[in-house]
Amino acid sequence: MNMNKDLVAASATPLVLAILAEGDSYGYAILRRVSELSRGQLHWTDGMLYPVLHRLERLGHIGARWGTSDSGRRRKYYRITKQGRARLAEQRRQWRAVDATLRGIWPAPSETAR
Amino acid sequence: MGALEFGGAVEQEIAQWRAYLRHRQAIHAVDVEELEDHLRSQIASLVASGLAADEAFLVAVRRMGDLDGLSREFAVEHAERLWKQLVMVPGSAGAPGRAAYKEAVVVLGLACLAALAVKVPELFGRRLLGAGAAFYARNASLFVFPLLTGYFAWKRHLDARSRRWLIAPFLAAAIFANVFPFAPGGATEGLTALHVPIALWLAVGVAYAGGGWRLSARRMDFVRFSGECGIYYVLIALGGGVLTAFTLMMFEAIGLKVEWLAQGWLLPCGAAGAVLVAAWLVEAKQGVIENMAPVLTRVFTPLFTVLLLAFLATMAWTRSGINVARHLLIGFDLLLALVLGLLLYAASARDPEAPPDTFDGLQVLLVVSALIVDVVALAAVVARISEFGFSANKVAALGENVILLVNLGWSAWLYARFLRGDGSFAALERWQTAYLPVHAVWAGLVVVVFPPWFGYV
């Protein structure tokens with residue numbers, strides 16, 4: 001499915017924060033988790049994840065440290081901060097509201113199945 | 001990093017991809033590392049699912065996305081990176097970082113040494129603010145330039161023979177600046193103070209070129225260095241002025257007069273140390289930040305051309321001759337030196353292969369109008385020189401004027417040939433760089449010959 005770009009961009013923050021709330025992770029693993037969660041429906045261009053991560057880091061929602069991967073390469077790991085968790089909770093409220101609103105007006109999924 | 005995970009061919013492609021990414025200004029080395037980790041993880045995962053390594057590389061690069069778009073996203077997130085930053089000591093460890101750190105320590109050490117050297121003669125009763133003022137004026141460059149030369153000799157790994165040769169000019173300068181029985185306040189003493197630095201700057205240049213002084217390109221590098229160093233020095237001096245003003249103001253607020261500190265220590269020591277710091281900054285910023293001197297040249301060449309043309313037109317219109325005042329010759333020397341500087345820095349930033357453009361025409365117009373103005377002034381001076389008689393100042397100014405006139409005259413000729421398509425720009429550049437030592441040799445002559453010739457007055 002070709003998802004609207006704005007929608008992808010808007011969902012990036014809560015997704016990344018939610019994945020990091022599960023535990024510390026790094027760029028590639030985060031992307032794997034996204035495609036796993038969306039069953040391949042939500043597709044990001046790989047590189048674009050990193051400016052998002054750096055923005056969240058600058059805003060203080062996530063922190064970063066350099067560690068070592070299993071294969072011995074230097075790898076940048078991210079973890080969610082307290083402020084990031086608060087931001088995630090807020091985002092969750094907002095997305096629930098949007099979701100509930102849309103559910104109220106849209107017919108059940110079975111009727112629109114292509 | 002650098003572990004050969006995927007075999008030579010793919011590793012080579014990854015290296016190429018990395019190099020390509022490194023050229024993006026908005027993407028820093030650590031980001032490249034992070035992205036490469038991603039790329040490698042992706043390749044490994046694709047290989048694990050059955051793809052050949054080279055195919056996996058192609059897929060992984062494709063998934064990474066269009067690099068222009070990526071670089072734009074990085075630029076949006078890190079807007080500050082589009083402003084080139086001069087990082088003196090890189091944060092990340094590694095060999096280049098250690099070398100930069102070592103250089104910083106060496107330069108700051110030399111700067112402190114220069115600052116202290118300024119105070120040494122005071123131990124022997126030569127007061128900077130008193131009887132020793134003339135001594136300091138004659139020897140000013142000797143406190144700093146030997147250390148600057150030493151810095152370049154160290155940095156360029158100059159061989160022992162060149163190092164020994166470079167001591168000679170400084171020794172000679174120290175002798176000729178101090179053995180002559182100058183009459184107090186005489187003209188020859190002032191000439192010595194003015195010309196010692198000009199002559200010694202050549203020695204700095206030889207050290208700067210690091211054994212390549214015979215090459216025109218290295219000399220041009222030294223010209224670029226001189227311009228940038230001057231600009232940085234002025235900037236540092238402005239900062240120093242602010243620091244001094246605050247020092248005076250704040251201590252006065254608690255009822256202390258610290259003029260002695262400002263005049264006896266801050267200014268002279270700061271002025272000496274700042275030369276080394278400025279030189280170091282220019283060395284460090286080379287290739288990181290745009291050169292400033294050519295930019296200023298672009299701004300001021302048209303303005304000075306307009307000034308000279310307006311001056312010539314007014315003179316022709318009103319038929320007024322040049323009033324031969326006392327400082328006239330020196331003024332016109334400065335004018336020619338300035339025009340030469342504009343020419344030199346425009347040339348230093350120009351691509352020698354490029355065809356002539358409008359700016360080149362403007363340069364020729366500037367040089368020719370400066371030559372006409374100077375010739376008119378010289379004619380006025382020479383016509384009345386019998387009335388003045390020869391003094392040390394006049395001969396020095398006249399000599400320098402002739403040297404500049406020859407330089408600019410031949411430059412104008414070469415430039416005109418280049419504009420007509422008969423010659424190359426490289427010829428003009430070669431002429432300029434070949435002529436550089438003439439100024440130093442003349443300055444040396446003034447220092448060595450003039451005082452005895454004019455009886456030390």
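Helix 8 of chain B is followed by B:G210, whose phi is positive, near 55 degrees. Helices here are DSSP runs (H or I, at least four residues), numbered from the N terminus. The model is predicted: local features need pLDDT of at least 70, side-chain atom pairs count only at pLDDT 80 or more, and totals for chains, interfaces and linings use all residues. Residues are numbered from 1 along each chain as its sequence is written, while chains are lettered from A and ligands numbered from 1 in the order in which they are written.

Helix 8 of chain B spans residues 187–209, 23 residues in total. From first C-alpha to last it reaches 34 Å, close to the expected 33 Å (1.5 Å times one less than the number of residues). The helix bends by about 30 degrees at B:H195. The bend is the angle between axes fitted to the seven residues ending at a residue and the seven starting there. A proline, B:P197, follows within four residues.

Helix 11 (residues 293–318) of chain B packs on helix 13 of chain B at about 40 degrees, with the axes 9 Å apart. Axes are lines fitted to C-alpha atoms, for helices over the stretch in contact, and angles run from 0 to 180 degrees between N-to-C directions. Contact residues (C-beta atoms, placed from the backbone, within 7 Å) include B:F304, B:L308 and B:F311 of helix 11 and B:L362, B:L366 and B:V373 of helix 13. By class, this contact has twelve nonpolar, four polar and no charged residues. Ala, Val, Leu, Ile, Met, Phe, Trp, Tyr, Cys and Pro count as nonpolar, Asp, Glu, Lys and Arg as charged, and the others, Gly among them, as polar.

Helix 13 (residues 358–383) of chain B also meets helix 15 (residues 392–420) of chain B. Their axes come within 10 Å and cross at roughly 145 degrees. This crossing is left-handed. Among the contact residues are B:D360, B:V364 and B:L371 of helix 13 and B:L405, B:A412 and B:Y415 of helix 15. The contact has twelve nonpolar, five polar and two charged residues.

Between chains, the contact takes 19 residues from chain B and 17 from chain A. On chain B, helix 2 (29–48), helix 3 (53–64) and helix 4 (67–77) each supply at least two residues. Helix 2 gives the largest share, nine residues. The chain B side has six nonpolar, four polar and nine charged residues.

Methods:
Contact = placed C-beta atoms within 7 Å. Left-handed = near helix turned anticlockwise from the far one by under 90°.
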